[in-house]
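Student: Could you go through this model with me, one contact at a time? I'd like to ask things as they come up.

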Amino acid sequence: MEYGAKYIRWAPFAKENPEAAGKLPSYEAAVSLGALNKVTESPSFNEAKGYGDNAMKVYINKFRESAIGVEVTEIPRESMSAVSGAEIERGDYKNMRFRANDRPPYGGMGFYVNLILDDAREVCMGVFYPKVKAMLRGGEYSTNGESIALSTGKLRFTASACGSGDWRVYSEYFNTEEEAKAWVDGMFTGTITEIGKEPAAGGEG
C-alpha cells in the first residue's frame, strides 16, 4: 500500500537530438517542482472492437496519452517558468509574463513513492514519465474569511510515449529513500536503465 510521495523532478529535453528511436530522450539538468503533495494519472486509450458471427472477434486497446495532475506546496518561480515557457523579467522588475505565444517544452518527470508491502516491509519505488508537456491550469484565489483554506500549487501535464515506446517506468523496490532519489536522478541521465541498450533483434549473442 502506498502512503507517501516525494522528490518530484522535471528536466527539459536536450537542445539537440533529444529523441532517438528505441531510446529514452536525453535531457538537460533537472529542477525541483516543489514539495510534492499529490500526483494523479488519467490515461486514455484508443479502442476498437470488431464483430462477426454475432460475437466479438477483435479487440484493440492502445495507449494514447495520459493527463497527469501535479500538486505541490509551492511551485518555484524558475521551475514554473521552465515548464510553462513563461518569461521572468531580468531587469529591475521580476514579473512573470504568460503570453499567448508561450511554448511549453517537452521534458521528463520523476518522483518516488513510499509503500508498505504485505510482509510489512517499508520500501520506496520510483516513477518516471519520459515525455511530458505542461498544460497551464487556471488559478483560484480565495480571501481569508471565517476559516483558512490552504491551496496547493497545481500543474497539469500530458504524458505521451517516447521513442522507445515507453510512457511510464516503475523502478524496482528500494530499501532506502536515498536509493530511490538516485534512481530518479539516474533516469534523467540514462545511467540506471537498460532501455535503449538491448542488443538489436537478430544480432549476435
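Student: Which residues does Glu71 touch, not counting residues up to four places away in sequence?

Tutor: Before the answer, a caution: this is a predicted model, in which local features need pLDDT of at least 70 and side-chain atom pairs count only at pLDDT 80 or more, while totals for chains, interfaces and linings use all residues. Residues are numbered from 1 along each chain as its sequence is written, and side-chain values use heavy atoms, with hydrogens and water left out. With contact meaning heavy atoms within 4.5 Å, Glu71 touches Leu36, Asn37, Lys38, Thr152, Gly153 and Lys154, residues up to four places away in sequence not being counted.

Student: And is Glu71 buried or exposed?

Tutor: Glu71 counts as buried, because its relative accessibility is 16%; buried means under 20% relative accessible area, exposed over 50%, and partly exposed in between, with a 1.4 Å probe and protein chains only. Glu71 lies in strand β4, where strands (E, at least two residues) and helices (H or I, at least four) are DSSP runs numbered from the N terminus.

Student: What about Lys57, which strand is that in?

Tutor: Lys57 also lies in strand β4, but at 58% relative accessibility Lys57 counts as exposed. Leaving out residues up to four places away in sequence, Lys57 touches Gly50, Tyr51 and Gly52, and its C-alpha atom is separated by 28 Å from that of Ser42, 15 residues apart along the chain.

Student: Switching to rings, how many aromatic pairs are there?

Tutor: The structure holds nine aromatic pairs, a pair being rings of Phe, Tyr and Trp (its six-membered ring) with centres within 6.5 Å, called stacked if the planes are under 30 degrees apart, edge-to-face if over 60, and tilted for the rest. One of them is Tyr27 with Phe128, which is edge-to-face because the centres are 6.0 Å apart and the planes stand at 85 degrees. That pair links distant parts of the chain, with Tyr27 in the loop between β1 (2–12) and β2 (31–32) and Phe128 in strand β8 (residues 122–135), 101 residues apart.

Student: How much relative accessibility does Phe128 have?

Tutor: Phe128 has 0% relative accessibility and so counts as buried, and Tyr27 is buried with a relative accessible area of 11%. Phe13, Tyr27, Tyr106, Phe128 and Phe188 form one aromatic cluster.

Student: Which charged end sits over the ring of Tyr106, 4.4 Å from its centre?

Tutor: That is the charged end of Lys133, and Lys131 lies over the face of Tyr106 too, at 4.9 Å from the ring centre. The criterion is NZ of Lys or CZ of Arg within 6 Å of the ring centre and within 35 degrees of the ring normal.

Student: Back to β8, how many of its residues are buried?

Tutor: Eleven of the 14 residues of β8 are buried, so the strand is mostly covered. Strand β7 (residues 106–116) pairs with β8 in the antiparallel sense over ten bridges, where pairing requires that DSSP finds at least two bridges between the strands. Four bridges join β8 to β10, again antiparallel, with Cys124 opposite Phe174 in β10, and β8 also pairs antiparallel with β9 over four bridges.

Student: How many disulfides does the structure hold?

Tutor: The structure holds zero disulfides, a disulfide being a pair of cysteine sulfur atoms within 2.5 Å. Cys124 counts as buried at 4% relative accessibility, and Cys162 counts as buried at 7%.
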